[in-house]
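Open the model in your viewer and keep the selection panel at hand. We will go stop by stop.

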Amino acid sequence: MTYSAPLDIANTLGHAFAQVSANDSYSANFRIIKNRTERKPLRFTARSTLPYNSEFRMFELRTALSQVHDTSPGPDGITYNMLRHLNTTSLSHLLFLFNRIWTEQKYPSQWHESIVIPILKPGKDPSNPLHYRPIALTSCLCKTFERMVNARLVFELEKQGCISSLQSGFRRGRSIFDNLVLLETQIRNAFVRRNHLVSIFFDIEKAYDRAWRYGILSTLFNFGFRGNLPIFLKNFLSYRTFRVRVGNFYSNHFIQAEGVPQGSVLSVTLFIVHLSPILHHLQSSVHGNLYVDDLQISCQGSNMNLIERQLQNAVNKLVAWCNNNGHTISPEKSRCVHFCRKRNVHLDPVIHVQNVAIPLVDDIRFLGVIFDRKLTFLPHILHLRKRCERSLNILKVLSRTS
């Protein structure tokens, strides 16, 4: 059915976005696991006073406000610019409000709501609701407090060593270069030893939207978090709603049943906490790394049959973990690359995800860099040249001899 009225379009998009994170989007097997596991309540009450549960201080609020960038306001209409221009007395009142929310373990109902702006993905069919990227606008007040909570959460996670060293996403002192240099080093080491190196780049379907909330909280519970911090995170994840805005028209309210909230500061950290344990299931012969949800594994050796068996075993373990945690690896969108400089004829590996073969390609775009199977970086240079030529051609059109 085709809609032309803005209100009908907004409601259709809202329904499509809500379905992505609905319970029905999970497999039947995982829904059984989910229902059985969630019967056990997570009791985050703390018997002793823990440092990360103490009240926030003024320097934490000022630090959070100094890190923000101007973005569109959420449903309350309050902007970061307003918050940055508050005087000392107003900042004290704001800090008092935040500390009441923190110590009384309540959460403002308006902070659960977001406004979603649909943006059509480049080159996609505009008649398909799933071809739109939902950009969520949430309360700037809430995001300021989230930034303060996130700083404490990240500090505790790093101090306790809760996040795998092979996860480089949004961590202090780490970046995509860690993943890129690690992969390049592994490939060059294989070339020096005259070995094959087979690498698999996974695509996890709707990873953020289908992150299992109870699974996130359960991971934090197992890490030993108790008191105000995990209770705030539990309230933060509960009862999320959104409305889609098309022009000046707003859709009905829709529920985001699962997944981490779009556009929130805490979402990336909670997602990293949830997904990082997947790397613990790899055997020592297979190396893996993550940049948030960009998962890559590789294995090297002289015997292709042995490499294939080890990778297939690793993929089976990753698929099993995903099945038990609400995620789905897409075999069609995942890619396999056989890095090799040998000139003689040899077989390429065939790796399956639940009986579907992962496509084998000659080059892959990984975190912005194109790796080809002989590691010449020629495809990457040609890609850069093409992008530069496009910009140069625009300049040529705009410029004149005078």
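**Stop one: a loop residue**

Select leucine 86, in the loop between helix H4 (80-84) and helix H5 (88-103). The model is predicted. Show its contacts next. Leaving aside neighbours within four places in sequence, leucine 86 touches Leu91 and Leu94. Leucine 86 and glycine 326 lie 43 Å apart in space and 240 residues apart in sequence.

**Stop two: the annotated domain**

Select residues 100-371. An unreviewed UniProt entry places the feature "domain: Reverse transcriptase" there. Colour by secondary structure. This stretch is 35% helix and 24% strand.

**Stop three: strand S3**

Select strand S3, residues 196-202. Seven of its seven residues are buried, so S3 is largely enclosed by the rest of the structure. His196, Val198, Ile200 and Phe202 point one way from S3. Leu197, Ser199 and Phe201 point the other way. Both sets are buried.

**Stop four: the partners of S3**

Which way does strand S8 run relative to S3? Select S8, residues 294-301: the two strands are antiparallel, joined by seven bridges. Find histidine 196, which stands opposite glycine 301 in S8. Then select strand S9, residues 335-339. S9 also runs antiparallel to S3, and five bridges join them. Here serine 199 stands opposite valine 337 in S9.

Definitions and conventions
Residues numbered from 1 in each chain as written. Predicted model: local features only at pLDDT ≥ 70, side-chain atom pairs only at ≥ 80, totals over all residues. Heavy atoms only, no water. UniProt positions renumbered as here; feature names shortened; annotations may be inferred. Helix = DSSP H or I, 4+ residues; strand = E, 2+ residues; numbered from the N terminus. Buried < 20%, exposed > 50% of the residue type's maximum accessible area, 1.4 Å probe, protein only. Pairing = 2+ DSSP bridges. Contact = heavy atoms within 4.5 Å.
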